[in-house]
Amino acid sequence: MLKRLCQLFGLRCARPETIPDVLWQATLADYPFLAERPAAQLLHLRGLVSEFLAHKEFSGAQGLVVTDAMAVVIAAQACLPVLHLGLGWYDDFVGIVVHPGQMVARRERVDEAGVMHRYSEVLSGEAMDRGPVTLSWQDVASAGALAGHGYNVVIHEFVHKIDMRDGAADGCPPLPSRAAYAAWRAVMQPAYDGFREQVSMAERFGGEAPWLDAYGATAPAEFFAVTCEAYFVNRERFTQDSPALTQLYDQFFKVNQPLAL
């Protein structure tokens, strides 16, 4: 793909994996939460994006043509959560399917009484366990403008992939020890319970709505993904509400670890 990018922009790439500068700068201009990162992080991110593009396959749905620019935009956001962790966290899948807009998924669920319920769900994205990631380009393209609201569909779905590394998404990624799992739950559980209470009070009694997407109250896995969206695209605002989660995520995502450039 990257060799084709160089040909597209009439550039000669000394290193085939290098993203053409004009394309990289356009991505940073459209997504300020990327551009505002320190120069060392941006250099490392650019290298990760190049490697990501070399190992993933993009396809468009409903006639959508995924351009090189679209692929770089998606890859840049997908690589943020693994900036310090490495792309090995994404080695269990290859495909990324991009739809023009939101998708309608058919669902089936059996309730506690054994009754089957069939319904439709409108999605901006979906991550499959050891399968592809599906994204709405409409939502991806608006991520720069929506960063102030802590919203980012690419980060949401790729955090689900991280969560799924040890099985079904449950709001807790793979951790090195029982003590680490206990420490994770000690922070996440009260934060999730408090968020659910805030959402409930807002919906039932007209209380103040949370800043974060209320979808995070539907399950621990969604809370993890929703909070990570805000953590990566609007850290300052997120930390005002959730300093304990910021500290927890700093430890897991290793944001203070030196980069291997």
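In this predicted model, glutamate 222 belongs to helix H10, which spans residues 220-233. With a relative accessible area of 13%, glutamate 222 counts as buried, because the cut-off for that class is a relative accessible area under 20%. The side chain of glutamate 222 is joined to that of histidine 156 by a polar contact of 2.9 Å. When the neighbours within four places in sequence are set aside, the residues in contact with glutamate 222 are His156, His160, Tyr215 and Gly216.

Helix H12 itself runs through residues 243-253, and its buried residues are Leu245, Thr246, Leu248, Tyr249, Asp250, Phe252 and Phe253. After H12 comes lysine 254, a residue whose phi is positive, near 55°.

From these helices one can turn to the protein chain as a whole, which contains twelve helices and six strands. The chain has 261 residues, of which 47% count as buried. Among the contacts in the chain with a separation of 6 or more, 63% are between residues 24 or more positions apart. As for the surface, the protein chain exposes about 13,100 Å², and carbon and sulfur atoms supply 53% of that area.

Notes: Residues numbered from 1 in each chain as written. Predicted model: local features only at pLDDT ≥ 70, side-chain atom pairs only at ≥ 80, totals over all residues. Heavy atoms only, no water. Helix = DSSP H or I, 4+ residues; strand = E, 2+ residues; numbered from the N terminus. Buried < 20%, exposed > 50% of the residue type's maximum accessible area, 1.4 Å probe, protein only. Polar contact = N/O pair within 3.5 Å; in protein donor to acceptor, adjacent residues only side chain to side chain. Contact = heavy atoms within 4.5 Å. Areas by Shrake-Rupley, 256 points an atom, 1.4 Å probe, with all protein chains shown as cover.
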